[in-house]
Amino acid sequence: EYNVFNFQQDFYKIFPQIIARKKLPVIVGGTGMYIDSVVRSYDLVDIPENTELREKLKDKTRSEAINDVKKVFKEWASQYQPENSELAEKLIFNNI
């Protein structure tokens, strides 16, 4: 699955080549986060999929999964707000 990390890495690889050809690069992406990742130099790391954890969480509801994650990541849990549930879902289900 192509994601922000892949986009950023591809950008860093091709950007110098485009500039060397004296061309003007045009940056486009799936969301503003893709563009922000290169404009603001996000410090992203490649994290391999955790199939064991994914298997444990696959039948859980969003609330159950968030509660499980809160137990492990106490600092994040203290800042978690229900209105950020989309972010929580991405963190939990897309990055494991």
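Reader: Hi! Which helix does Val38 lie in?

Author: Val38 lies in helix 2. Bear in mind that this is a predicted model.

Reader: Thanks! Is Val38 buried or exposed?

Author: Val38 has a relative accessible area of 8%, and the cut-off for buried is under 20%, so Val38 is buried.

Reader: And what does Val38 touch, leaving out residues up to four places away in sequence?

Author: With those left out, Val38 is in contact with Phe7, Gln8, Phe11, Tyr12 and Ile27. Take Tyr12: 26 residues along the chain separate Tyr12 from Val38, and their C-alpha atoms are 7.9 Å apart.

Reader: Nice. Switching to the helices: at roughly what angle do the axes of helix 1 and helix 2 cross?

Author: The axes of helix 1, residues 4–20, and helix 2, residues 32–39, cross at roughly 45° and come within 9 Å. The two helices are therefore oblique to each other, and helix 1 passes helix 2 in a right-handed crossing.

Reader: Which residues make that contact?

Author: Helix 1 uses Val4, Phe7, Gln8, Phe11 and Tyr12, while helix 2 uses Met33, Tyr34, Ile35, Ser37 and Val38. By type, 8 of the contact residues are nonpolar, 2 are polar and none is charged.

Reader: One more: which residues make up the largest nonpolar core?

Author: That core has 5 residues in all: Val4, Phe7, Phe11, Tyr34 and Val38. Both helix 1 and helix 2 supply at least two residues each, and helix 1 gives the most, with 3 residues.

Reader: What do nonpolar side chains tend to do in soluble globular proteins?

Author: In such proteins, nonpolar side chains tend to be buried together.

Note on methods: Residues numbered from 1 in each chain as written. Predicted model: local features only at pLDDT ≥ 70, side-chain atom pairs only at ≥ 80, totals over all residues. Heavy atoms only, no water. Axes fitted to C-alpha atoms, helices over the stretch in contact; angles between N-to-C directions. Helix = DSSP H or I, 4+ residues; strand = E, 2+ residues; numbered from the N terminus. Parallel < 35°, antiparallel > 145°, perpendicular 65-115°, else oblique. Left-handed = near helix turned anticlockwise from the far one by under 90°. Contact = heavy atoms within 4.5 Å. Nonpolar A, V, L, I, M, F, W, Y, C, P; charged D, E, K, R; others polar. Core = buried A, V, L, I, M, F, W, Y, C linked by side-chain atoms within 4.5 Å. Buried < 20%, exposed > 50% of the residue type's maximum accessible area, 1.4 Å probe, protein only.
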